[in-house]
Amino acid sequence: MADSTQQPKSRRNRAVIFVAGAFIVGLVLLIGISALLININTRKQEAVAPIVRVVDIQDGETDPAVWGQNYPREYSRFMLMEDDTVPTAYGGSQQYDKLARFPAMKRLWNGYAFAVDFNEERSHFYSLIDQKETERQVVVKQPGACANCHSGDAPNLIKSMGWEAFNKGPYEAITDTLHSAITCNDCHDPDTMALRVTRPAFANAMAERGIDLSKATRQEMRSYVCGQCHVEYYFEGDNKLLTFPWEKGLNIDNINEYYDEYGFKDWTHKETGAPMLKVQHPEFELYSTSIHNQSGVACADCHMPYIREGALKVSDHWIRSPLTNVANACQSCHKMDEAKLTERVVTIQTRTAKLLRETETAIIAAIDAINAAKAAGATDEDLKEAWDFQRKANLRWDFISSENSTGFHSPQEAARVLGDALNFARMGQISAERVTMKLTGQPGSDPLLQINTDAVIGTTPAEVEEEMK
Ligand code: HEC
Ligand code: HEC
Ligand code: HEC
Ligand code: HEC
Ligand code: HEC
């Protein structure tokens with residue numbers, strides 16, 4: 001019995017010693033592992049954002065140089081946006097006259113300020129300079145609302161003047177208070193450096209769609225900050241409130257429906273009298289229909305890719321065409337030759353450009369046919385149907401033409417929209433021809449003479465470059 005009780009007791013003791021030993025070993029391991037984790041974590045943080053606060057940055061600070069004292073790596077890249085010498089086949093940072101390169105635009109926008117002055121855009125560095133200098137400010141008295149997307153001073157002015165007065169007042173009245181181009185404060189909270197939305201029009205439009213910005217993920221914010229400005233917009237009502245037409249959705253059919261319901265027009269076409277709509281830079285909208293967006297890729301992934309600065313990883317604040325930076329912008333995800341990747345982009349763009357040119361020819365044919373019907377004595381009532389087709393076709397052409405990726409952001413959707421535009425243009429032409437026939441017994445013109453027979457403008461980058469010379 002003694003032995004038998006002795007036995008379990010010593011076994012129990014051994015078990016206790018074993019458990020205690022295991023516990024101590026476990027504890028040591030645990031401490032070791034967590035020390036390692038903490039170490040890795042600090043290193044990770046160091047590698048991503050080594051914050052050395054030299055100055056205390058106030059909310060509303062518009063001078064990037066002040067922010068640059070704390071974040072010199074981002075600031076030095078940011079300042080490279082001053083370079084406006086690098087062109088690409090269809091985009092790039094070099095300013096050029098788009099009306100000269102694509103002369104059809106003058107007739108398509110006849111009667112509107114864009115037919116007077118329209119250039120290939122430059123970088124954020126020039127956002128305020130280019131807005132102050134455009135001829136569109138001369139031919140039309142523009143409202144303060146223009147400054148929403150072109151000046152880092154906008155958030156401060158909205159705070160001091162109020163949302164309505166800021167938008168409504170003439171641009172002239174605030175010109176002298178606008179000093180800063182797009183700046184750090186527009187995208188970052190100075191305390192945490194987290195991305196933030198500073199523009200009310202974007203916040204309002206998202207709220208209208210039932211999207212709670214306070215719940216946005218970090219990856220969503222990497223597109224939302226851009227969606228504050230790279231979007232289609234209009235000025236609503238007498239107060240000229242900057243508004244995005246997104247209530248029914250982001251594609252062009254939703255936007256068309258929205259404007260029709262609202263009874264909106266941007267201008268009256270000078271030749272035909274049609275009530276027209278102008279589209280501007282709908283990057284966020286077109287991109288939202290893409291495979292890249294559906295795969296969770298954000299604007300910043302291609303336009304602000306990570307770069308190495310010594311041992312550190314920073315987001316490239318030299319925002320520009322990814323075609324000037326394919327290695328960082330695309331090869332992080334696509335293990336493909338740089339030249340091949342560039343060729344894929346330019347092939348998509350050239351196909352889109354060809355469709356754009358064909359659509360322009362078709363819309364001009366519709367305009368000519370409407371003009372002929374008017375000359376034959378058509379009334380406004382007679383032309384309603386043709387006008388509506390002109391408006392629909394022009395809106396869709398403009399949606400892809402004014403979008404700055406020349407189709408790359410969503411190639412299939414771009415082709416779909418231009419297919420519809422071509423169809424609407426030809427329907428407008430047929431509609432007007434019928435009116436002329438009814439009034440005169442003769443067709444106004446021979447529609448078949450107005451088909452674009454230009455050769456396909458190159459499907460390789462080399463041919464495109466030749467075309468540009
Ligand atoms: C998958 C990569 C990718 C993503 C994501 C992306 N873009 Fe682009 N973007 C491009 C490419 C490629 C071009 C064509 C550049 C060219 O023609 O030189 C372009 C062109 C542009 C341009 C015109 C640049 C120029 O040089 O004229 C703007 C503006 C732009 N994108 C904004 C955006 C915005 C805003 C988003 C998010 C809503 C976005 N992009 C998402 C790849 C991307
Ligand atoms: C919702 C934001 C937003 C508003 C409001 C806005 N812009 Fe812009 N603007 C942009 C973006 C984004 C670009 C660059 C892309 C492009 O040029 O398509 C741009 C480009 C420009 C350019 C350079 C290219 C060109 O068109 O020649 C000028 C000039 C300009 N805007 C003037 C104006 C004027 C004038 C107003 C007021 C009627 C205005 N902007 C209102 C966002 C905006
Ligand atoms: C148009 C919007 C925009 C502007 C303007 C902007 N940033 Fe950023 N910044 C971003 C985005 C997007 C990221 C990536 C954030 C993320 O991935 O969470 C970023 C990241 C950062 C980070 C975190 C570390 C890194 O590099 O990823 C710092 C620091 C920073 N920016 C500093 C600045 C400074 C300084 C300026 C002005 C000189 C500036 N930013 C202007 C959009 C902007
Ligand atoms: C506060 C408004 C605003 C915000 C926010 C903004 N942009 Fe822009 N962006 C503009 C304007 C305005 C221009 C045209 C400036 C000009 O032509 O003078 C422009 C130009 C560009 C260009 C053309 C650069 C070139 O060299 O031709 C690209 C690319 C671009 N933006 C991408 C982005 C991306 C990506 C984001 C988000 C990370 C973003 N932008 C956020 C207003 C904005
Ligand atoms: C963050 C990752 C990421 C980056 C950066 C990226 N892509 Fe993609 N790309 C994808 C994913 C994911 C798909 C979808 C693949 C699929 O579903 O088969 C895709 C699809 C594509 C496609 C086919 C679909 C289409 O839209 O035509 C092309 C072409 C393409 N990428 C080119 C580029 C180019 C050029 C760049 C740089 C300007 C780039 N990508 C940058 C992830 C990325």
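Reader: Where is His281 found?

Author: In this predicted model, His281 sits in the loop between strand E4 (275–276) and H14.

Reader: Why is His281 called partly exposed?

Author: His281 has 17 other C-beta atoms within 10 Å. The label buried asks for 20 or more and exposed for 12 or fewer, so His281, with 17, is partly exposed.

Reader: What makes the phi of His281 worth a look?

Author: The phi of His281 is near 30 degrees, a positive value in a residue other than glycine. Met193 also belongs here: its phi is near 65 degrees, again positive and again in a residue other than glycine. Met193 lies in the loop between helix H10 (171–174) and H11.

Reader: And what makes Met193 count as partly exposed?

Author: Met193 has 17 C-beta neighbours inside 10 Å. That value falls between the limits of 12 and 20, so Met193 is partly exposed.

Reader: Let us turn to the ligands. Which residues come nearest to ligand 2?

Author: Happy to. Of the 22 residues around ligand 2, the nearest are Glu121, Thr134, Cys146, Cys149 and His281. Helix H6 (127–133) and helix H7 (136–139) are the elements that give two or more residues to this shell. By class, the shell around ligand 2 holds eight nonpolar, 11 polar and three charged residues.

Reader: Which residues come nearest to ligand 4?

Author: Ser93, Glu121, Asp130, Cys226 and Cys229 come nearest, out of 23 residues around ligand 4. At least two residues each come from H6, helix H12 (218–227) and helix H16 (299–303), and the largest share, three residues, comes from H16. The shell around ligand 4 has 10 nonpolar, eight polar and five charged residues.

Reader: What makes up the shell around ligand 1?

Author: Ligand 1 is surrounded by 26 residues, and the closest are Thr88, Gly91, Cys299, Cys302 and Ser321. H16 gives the largest share of this shell, four residues. H12, helix H14 (283–287) and H16 each supply at least two.

Reader: Which residues of H12 are buried?

Author: Arg222, Ser223, Tyr224, Val225, Cys226 and Gly227 are buried in H12. The buried residues of H12 pack against helix H11 (200–208), H14 and H16.

Reader: Why is Leu241 partly exposed rather than buried?

Author: Leu241 has 19 other C-beta atoms within 10 Å. Leu241 is part of strand E2 (residues 241–243). Setting aside neighbours within four places in sequence, Leu241 is in contact with Glu164, Asn167, Phe235 and Glu236.

Reader: How do you know that E5 and E6 pair?

Author: Strand E5 (residues 306–309) and strand E6 (residues 312–315) are joined over four bridges in the antiparallel sense. Pairing needs at least two bridges, so with four of them these strands pair. Glu309 stands opposite Leu312 in E6. Two residues lie between the strands of this hairpin, and Gly310 takes a positive phi near 65 degrees.

Reader: What makes Ala425 stand out in the largest nonpolar core?

Author: Ala366 and Ala425 have the most contacts inside this core of 96 residues. Helix H18 (residues 338–375) gives the most to the core, with 14 residues. Beyond its neighbours within four places in sequence, Ala425 is in contact with Thr359, Ala362, Ile363, Ala365, Ala366 and Ala393. In soluble globular proteins, nonpolar side chains tend to be buried together.

Methods: Residues numbered from 1 in each chain as written. Chains lettered and ligands numbered in written order. Predicted model: local features only at pLDDT ≥ 70, side-chain atom pairs only at ≥ 80, totals over all residues. Near = placed C-beta within 6 Å. Nonpolar A, V, L, I, M, F, W, Y, C, P; charged D, E, K, R; others polar. Core = buried A, V, L, I, M, F, W, Y, C linked by C-beta atoms within 7 Å. Contact = placed C-beta atoms within 7 Å.
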